[in-house]
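Subject: Structure handover

Hi,

Here is the structure for you to look through. My notes follow below.

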Amino acid sequence: MAQPCKVPEDLDGHAVKDAPPTVYYVPDFITEAEEEYLLQQVYRAPKPKWTQLSGRRLQNWGGLPHPKGMLAEKLPDWLLKYTEKISALDAFAGKNANHVLVNEYKPEEGIMPHEDGPLYHPTVTTISLGSHTLLDFYTPVDESQSGIPQTEESRYVLSLLLRRRSLLILQGEMYERYLHGIRGVAVDTLTERVANLSAAGGQVGETLTRGTRVSLTIRHVPKVCRANLLLGRK
Ligand SMILES: O=C(O)CCC(=O)C(=O)O
């Protein structure tokens with residue numbers, strides 16, 4: 001199979017300094033062979049594993065997150081390898097990643113700006129496969145400013161260019177305060193608002209045509225046991 005993926009010795013060297021704390025962007029976290037292998041595994045999953053949503057489809061691995069915690073299920077080996085590698089970077093403050101969401105976006109598909117919520121706090125990590133995307137960040141609607149129209153455009157803060165095979169780690173303010181989303185476009189134009197432009201090897205004014213992108217969103221979700229879930233206990 002594929003070569004082992006590269007674990008960066010010093011994550012600090014991958015911090016995106018032009019974004020609020022904390023973003024790490026690791027280009028070429030996995031090799032081309034690993035990317036191909038992961039895509040094969042994603043597309044080998046049985047059809048019922050996919051859930052079609054508007055603008056994307058997804059697979060859920062590791063258990064169904066619930067506000068009280070997750071009834072954990074064993075991850076398949078092809079995902080376990082990556083949850084372990086990323087946990088070894090100490091991305092989850094000593095905890096182990098145990099949940100993976102696989103999202104597939106065709107060109108012109110995306111995801112509305114949203115927060116992931118406190119359950120996954122404080123870290124989300126993403127491996128991108130098959131195509132780049134731009135992940136856009138927004139301030140939340142400010143309820144105290146009800147007289148002023150707050151459009152997506154006026155709340156837009158910055159973007160991150162996620163190249164295929166890269167790893168993104170989001171923590172702290174970037175995770176807790178800002179909403180994130182992906183515009184449903186076929187072509188991205190890079191601007192000076194792309195905070196990791198040089199780390200991702202992009203140039204202002206460059207246009208990038210989207211292909212089908214598969215993202216592996218890897219997190220730690222607190223577990224709950226079935227009895228406690230039924231009794232409403234954590
Ligand atoms: O595909 C991505 O990189 C983002 C996915 C996401 O925001 C989500 O699943 O909540």
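β6 gives the most to the shell around the ligand, with three residues. Strands here are DSSP runs of E, at least two residues long; helices are runs of H or I of at least four; both are numbered from the N terminus. β6 (99-105), β7 (111-114), β12 (179-182) and β15 (213-219) each supply at least two shell residues.

Before the details, some ground rules. This is a predicted model: local features need pLDDT of at least 70, side-chain atom pairs count only at pLDDT 80 or more, and totals for chains, interfaces and linings use all residues. Residues are numbered from 1 along each chain as its sequence is written, and side-chain values use heavy atoms, with hydrogens and water left out.

**The ligand**

The residues around the ligand are R56, L101, N103, Y105, I111, H114, D116, T126, H180, I182, R213 and S215. To count as near, a residue needs a heavy atom within 4 Å of the molecule. By class, the shell has four nonpolar, five polar and three charged residues. The classes are simple: Ala, Val, Leu, Ile, Met, Phe, Trp, Tyr, Cys and Pro are nonpolar; Asp, Glu, Lys and Arg are charged; the others, Gly among them, are polar.

For H180, a side-chain N or O atom is 3.0 Å from a ligand oxygen. For D116, that distance is 3.3 Å. (A polar contact is a pair of N or O atoms within 3.5 Å; within protein, one must be able to donate a hydrogen and the other to accept it, and residues adjacent in sequence count only if both atoms are side-chain atoms.) The protein covers 94% of the 290 Å² of accessible area that the ligand has on its own. Areas come from the Shrake-Rupley method with a 1.4 Å probe; for residues, only the protein chains shown count as cover.

**The largest pocket**

The ligand sits in the largest pocket. That label requires more than half of its atoms to lie within 2 Å of the pocket's grid points. The search uses a 1 Å grid over the protein atoms alone: a pocket is an open set with protein on both sides within 12 Å along at least five of seven lines, a cavity is a set of points where a 1.4 Å probe fits but cannot get out, and lining residues have an atom within 4 Å of a point.

About 310 Å³ of space lies in the largest pocket. Of its 21 lining residues, H114, D116, H180, T217 and R219 are the closest to the centre. β6, β7, β8 (123-129), β11 (167-171), β12 and β15 each give two or more residues to this lining. β15 gives the most, with four. The lining has ten nonpolar, six polar and five charged residues. Volumes are the space filled by probe spheres set on the grid points, which are joined across faces, edges and corners.

**Other spaces**

The second largest pocket holds about 160 Å³. β13 (187-189) supplies the largest share of its lining, three residues. Its classes are five nonpolar, three polar and four charged.

There is one cavity of 30 Å³ or more. The largest cavity has a volume of about 40 Å³. Its lining is Y105, K106, P107, E109, T133, I182, R210, G211 and R213.

**Backbone points to check**

Most residues other than glycine have a negative phi, and most peptide bonds are trans. P21 and T22 are joined by a cis peptide bond, with omega about 0 degrees. T22 is in the segment before β1 (23-26). D90 is not a glycine, yet has a positive phi of about 65 degrees. D90 lies in the loop between α2 (77-88) and β6.

Best wishes
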